[in-house]
Amino acid sequence: MGQSLSGGRSCLDVPGRLLPQPPPPPPPVRRRLALLFAMLCVWLYLLVYSCAGSCAAAPGLLLLGSGSRAAHAPPVPGPDGPPQRLPFPAALATQSAAGGEMAEGAASQEEQSPETPDSPSPISSFFSGSGSKQLPQAIIIGVKKGGTRALLEFLRVHPDVRAVGAEPHFFDRSYDKGLAWYRDLMPRTLDGQITMEKTPSYFVTREAPARISAMSKDTKLLVVVRDPVTRAVSDYTQTLSKRPDIPSFESLAFRNRSAGLVDRSWSAIQIGLYAEHLERWLRHFPARQMLFVSGERLVRDPAGELGRVQDFLGLKRIISDKHFYFNQTKGFPCLKKAEGSGRPHCLGKTKGRPHPEIDAQVLRQLRDFYRPFNRKFYQMTGHDFGWD
């Protein structure tokens with residue numbers, strides 16, 4: 001009773017009545033258990049939202065819907081002035097067609113490399129718990145073995161682009177599943193973000209233009225094109241890697257080799273008739289809603305070509321030379337840091353395959369065959385790609 005509390009007050013402030021004693025401090029064990037419980041709650045919270053984000057980014061992604069201000073920005077034409085160049089070696093200009101296989105980065109869905117970062121990082125997955133799923137506003141529609149994989153992976157560096165690697169094939173193979181199914185494939189996106197998909201076979205699918213237009217007439221379309229002869233050889237190389245017993249390139253490319261009669265029914269040849277395919281798309285979309293990306297320039301000057309793409313999509317120019325380095329072994333540019341990763345990233349092992357030897361006369365005959373189609377394509381797009 002004679003002891004004092006803090007502040008010098010006596011336990012008996014009023015005669016005969018004890019004041020309540022302050023609670024004793026919790027023992028160290030209780031404090032530690034409380035801390036562990038709080039940490040467990042935080043960990044479970046992050047785990048739940050990380051799972052939700054990863055599930056939202058399931059294969060089949062596309063573009064953000066009407067909430068995206070950037071995607072609705074009017075297309076801005078690429079600058080006519082010379083773009084900034086990467087300090088790539090001069091030898092790049094003379095690299096062989098095999099070294100240029102990366103531009104073919106348009107891998108089919110079945111051939112996707114496990115190295116492709118198909119899911120966002122845990123942090124981005126956490127934040128993807130907010131936002132909403134929208135129908136696409138931009139789609140990479142072609143062409144196979146043109147460079148679509150490279151374009152998609154490069155675009156994923158941009159913070160306002162959400163994309164996954166798998167090809168949904170909605171407008172060519174799964175259209176009967178409906179738009180609700182298609183929308184559900186997409187990750188959640190925030191206002192101002194764009195979600196994109198790529199399915200190169202759309203460009204050559206007769207029903208695709210009308211189907212995409214029925215979804216939204218404002219959809220922006222990107223087409224990665226390359227020299228149709230090189231593209232055909234690359235296409236054959238991919239098939240050969242899966243089926244080594246197929247006939248030679250020459251026997252597939254010609255109905256009558258001596259007469260120079262090219263077999264247009266062979267898909268490797270037919271895909272390269274860009275002008276004929278483009279005619280169908282222009283019946284449903286104005287030319288201003290289509291951007292034609294050079295697969296060759298995507299190798300020589302990725303930052304310059306990505307600048308045009310960012311302008312077209314209404315995005316701030318963020319992807320630049322600083323994001324790329326030239327890989328001497330593969331013979332094409334790679335990302336210094338991939339989306340969702342702090343490590344350098346090149347396209348998978350399936351890219352950069354050496355092309356088989358093709359008779360020079362065969363290649364000349366194919367160039368003669370494609371020349372009138374190429375010139376018509378140049379006129380339709382207003383751009384000479386220099387394939388002749």
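Helices (H or I, at least four residues) and strands (E, at least two) are DSSP runs, numbered from the N terminus.

Before going on, please note that this is a predicted model, in which local features need pLDDT of at least 70 and side-chain atom pairs count only at pLDDT 80 or more, while totals for chains, interfaces and linings use all residues. Residues are numbered from 1 along each chain as its sequence is written, and side-chain values use heavy atoms, with hydrogens and water left out.

Back to helix 7. Eleven of its 15 residues are buried, so helix 7 is largely enclosed by the rest of the structure; among them are P228, R231, D235 and Y236. With 1.5 Å for each residue, helix 7 (residues 228-242) should span 21 Å, and its end C-alpha atoms lie 22 Å apart, which agrees. That expected span is 1.5 Å times one less than the number of residues. At the start of this helix, a side-chain oxygen of D227 comes to within 2.9 Å of the backbone nitrogen of V229.

Now find another pair of helices. Helix 4 (residues 148-155) packs with helix 12 (residues 302-312) at an angle of about 75°, their axes being 11 Å apart. That makes helix 4 roughly perpendicular to helix 12, a label for angles of 65 to 115 degrees. L151, F154 and L155 in helix 4 meet P302, L306 and V309 in helix 12. The residues of this contact are six nonpolar, no polar and no charged.

V143 sits in the loop between strand 1 (138-142) and helix 4, and a cis peptide bond with omega of about -5° joins G142 to V143. K145 is also found in the loop between strand 1 and helix 4; K145 has a positive phi of about 60° although it is not a glycine. At 0% relative accessibility, K145 counts as buried.

Finally, step back to the whole chain. There are 13 helices and nine strands, and 48% of the 388 residues count as buried.

Definitions and conventions
Axes fitted to C-alpha atoms, helices over the stretch in contact; angles between N-to-C directions. Parallel < 35°, antiparallel > 145°, perpendicular 65-115°, else oblique. Contact = heavy atoms within 4.5 Å. Nonpolar A, V, L, I, M, F, W, Y, C, P; charged D, E, K, R; others polar. Buried < 20%, exposed > 50% of the residue type's maximum accessible area, 1.4 Å probe, protein only. Polar contact = N/O pair within 3.5 Å; in protein donor to acceptor, adjacent residues only side chain to side chain.
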